[in-house]
Amino acid sequence: MTADYADYDHHALGATYESIYETWRELLGKCPIGHSKAHDGMWVVTGYEESVGILRKPSAFSSYPASFPSFPQPNKMMPVELDPPDHQRYRSMVAEPFSPKRALSYEKPLRKIVNRLIDDFIEDGHCDVFETIGAPLPAMLATIFLGVPLDDATRMAGWIHTLVHETASRPEAAGEAVMSIYGYFGGLLAERAGGDGDELISIIARAEVDGQKLTQEELLGFSLFLLLASIDTSQKVIGSMFWRMANDPDLVARLVADPSAVPAAVEEFLRLYSPVIATRKVVEDTEVAGAELKAGDQVLLLLGAAGRDARTFPDPEVFSLGRENSAKHLAFGDYIHKCLGIHIVRVELRVLLEEFLRRIPKFEAQPGAESLWSNGQVQGVVKAPIRFPAGAREIPPG
Ligand code: HEM
């Protein structure tokens, strides 16, 4: 027996912060996997254990393509679109720049950036916190780990915005954004290939797999994915996280009273607002919870729905700072493709919460204002108007 997920479409317009989880709850209530007629037919997985089972079986579920429908880009996104045995060879060459130690080294510059961003609006007493923090911060963080000038953050965020939001409506603009990203990284990679820098771009530029340098296509596929993976995902988690807090004064008060609870809160935000919908292509006929998946079928994994599966997370809608297994969420995927940016993201969200709540300990959704939900492969709140008692700058302008 397979559930009918009718025409559920992850790209459909009109979903809201309030409606999306209701929809996912209904789907999961029918069956942990169902079939939707959207995009010429696809399997949609909402259950936690079923998602884990698929993620842990790359022999039956290929990671290519990693977006569905696919982005208009000619090179494979590395390493996320590679299957074994190639995948491990490419992934291991960039392990060090993603280590916990490296991530902690970004904490100081990050704290400074967060405070500069807060300075830009704290005197106003209101802002769209997605626009003032959610949108710029992840691109600024990317400049740190990539090792490029902070001033490049704005155009990097712009390219990713076009690629993510305009692939369907203006494919030519999305194609141009891909070419701009390739042009930008092409120049940088050539410049750094001969140096001994230890930031991510230099490491990728010098990397070898089985004694061979990466081809230009591989290098560009890697670079594009790094931007996409790091910017769009974090932006949407930050948007959803702030909208949740803006509508949950008790949660804000708990975190302000006990900042040591922030790391636990980060895991709950990730569990409840996991932004990524992972995709897999069936390469070997397989049964999942009674559904017969055939080679060639497309599969979507709603990782955010899995984070609310009551079979794994009791009382899943409750934001619990004491939940023992909250870090078991699938926000970062699982197994061989598990997100490489985990440690960076955890530092980013922790520092953001610590600094924001230190400087703005009380805030709420602007009365009458609505949030905006962005659907697609990566989902979350992209407009979050809040108000708060105005505060003072800490760093003088200039
Ligand atoms: C809140 C932010 C983030 C979320 C929710 C997230 C989520 C994910 C997910 C779900 C996957 C697995 C995709 C799949 O299996 O198909 C993934 C892979 C990946 N992520 Fe992230 N990510 C985030 C931020 C980052 C950042 C900041 C970076 C880089 C600094 C990054 C780098 C990567 C890379 C390189 C992979 C591919 C790993 C592989 O294929 O072996 N991510 N991410």
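**Ligand shell, cavity and buried glutamines**

Me: Which residues come nearest to the ligand?
Reply: The model is predicted. Around the ligand there are 26 residues. Those that come nearest are His87, Arg91, Arg280, His337 and Cys339.

Me: How far is the polar side-chain atom of histidine 87 from an oxygen atom of the ligand?
Reply: Histidine 87 is among the residues that come nearest to the ligand. Its side chain places a polar atom by a ligand oxygen. The distance is 2.7 Å.

Me: What separates arginine 91 from an oxygen atom of the ligand?
Reply: Arginine 91 is also listed among the nearest residues. Here the side chain takes part, through an N or O atom. The gap to the ligand oxygen is 2.7 Å.

Me: Which part of isoleucine 336 lies 3.5 Å from an oxygen atom of the ligand, backbone or side chain?
Reply: For histidine 87, the polar atom belongs to the side chain. For isoleucine 336, a polar atom lies 3.5 Å from a ligand oxygen. That atom is in the backbone.

Me: How many residues of the shell around the ligand are nonpolar?
Reply: Sort the shell by class.

Me: Where in the structure does glutamine 235 lie?
Reply: Glutamine 235 has a relative accessible area of 10%, so it is buried. It touches Phe130, Gly134, Ala135, Pro138 and Val381, leaving out residues up to four places away in sequence. Its place is in helix α11.

Me: Which backbone oxygen does the side chain of glutamine 235 reach?
Reply: Ala135 is among the residues that glutamine 235 touches. The side chain comes to 2.8 Å from a backbone oxygen there. The oxygen belongs to alanine 135.

Me: Why is glutamine 377 classed as buried?
Reply: Glutamine 377 sits in the loop between β13 (372-374) and β14 (380-383). Buried means under 20% relative accessible area. Glutamine 377 counts as buried because its relative accessible area is 11%.

Me: Which backbone oxygen does the side chain of glutamine 377 reach at 2.6 Å?
Reply: Beyond its neighbours within four places in sequence, glutamine 377 has contacts that include Phe68 and Ile277. A polar atom of its side chain lies 3.0 Å from the backbone nitrogen of phenylalanine 68. The backbone oxygen at 2.6 Å is that of isoleucine 277.

Me: How many residues of the lining of the largest cavity come from α1?
Reply: The whole structure has one cavity of 30 Å³ or more. The largest cavity holds about 60 Å³ of space. Its lining includes Tyr21, Trp24, Arg25 and Leu28. Both α1 (17-30) and α14 supply at least two lining residues, and the share from α1, the largest, is four.

Me: How many residues lining the largest cavity are charged?
Reply: Among the lining residues are Arg25, Arg308 and Glu317. By class, four residues of the lining are nonpolar and one is polar. The charged count is three.

Me: Which residues of α2 are buried?
Reply: Helix α2 (residues 48-55) is mostly covered, with six of its eight residues buried. These pack against elements including β3 (42-45), β8 (277-282) and α14 (303-306). The buried residues are Tyr48, Glu50, Ser51, Val52, Ile54 and Leu55.

Conventions:
Residues numbered from 1 in each chain as written. Predicted model: local features only at pLDDT ≥ 70, side-chain atom pairs only at ≥ 80, totals over all residues. Heavy atoms only, no water. Buried < 20%, exposed > 50% of the residue type's maximum accessible area, 1.4 Å probe, protein only. Contact = heavy atoms within 4.5 Å. Near = heavy atom within 4 Å. Polar contact = N/O pair within 3.5 Å; in protein donor to acceptor, adjacent residues only side chain to side chain. Nonpolar A, V, L, I, M, F, W, Y, C, P; charged D, E, K, R; others polar. 1 Å grid on protein atoms, 1.4 Å probe; cavity = no way out; pocket = protein on both sides within 12 Å on 5 of 7 lines; lining within 4 Å. Points joined across faces, edges and corners; volume = space filled by probe spheres on them.
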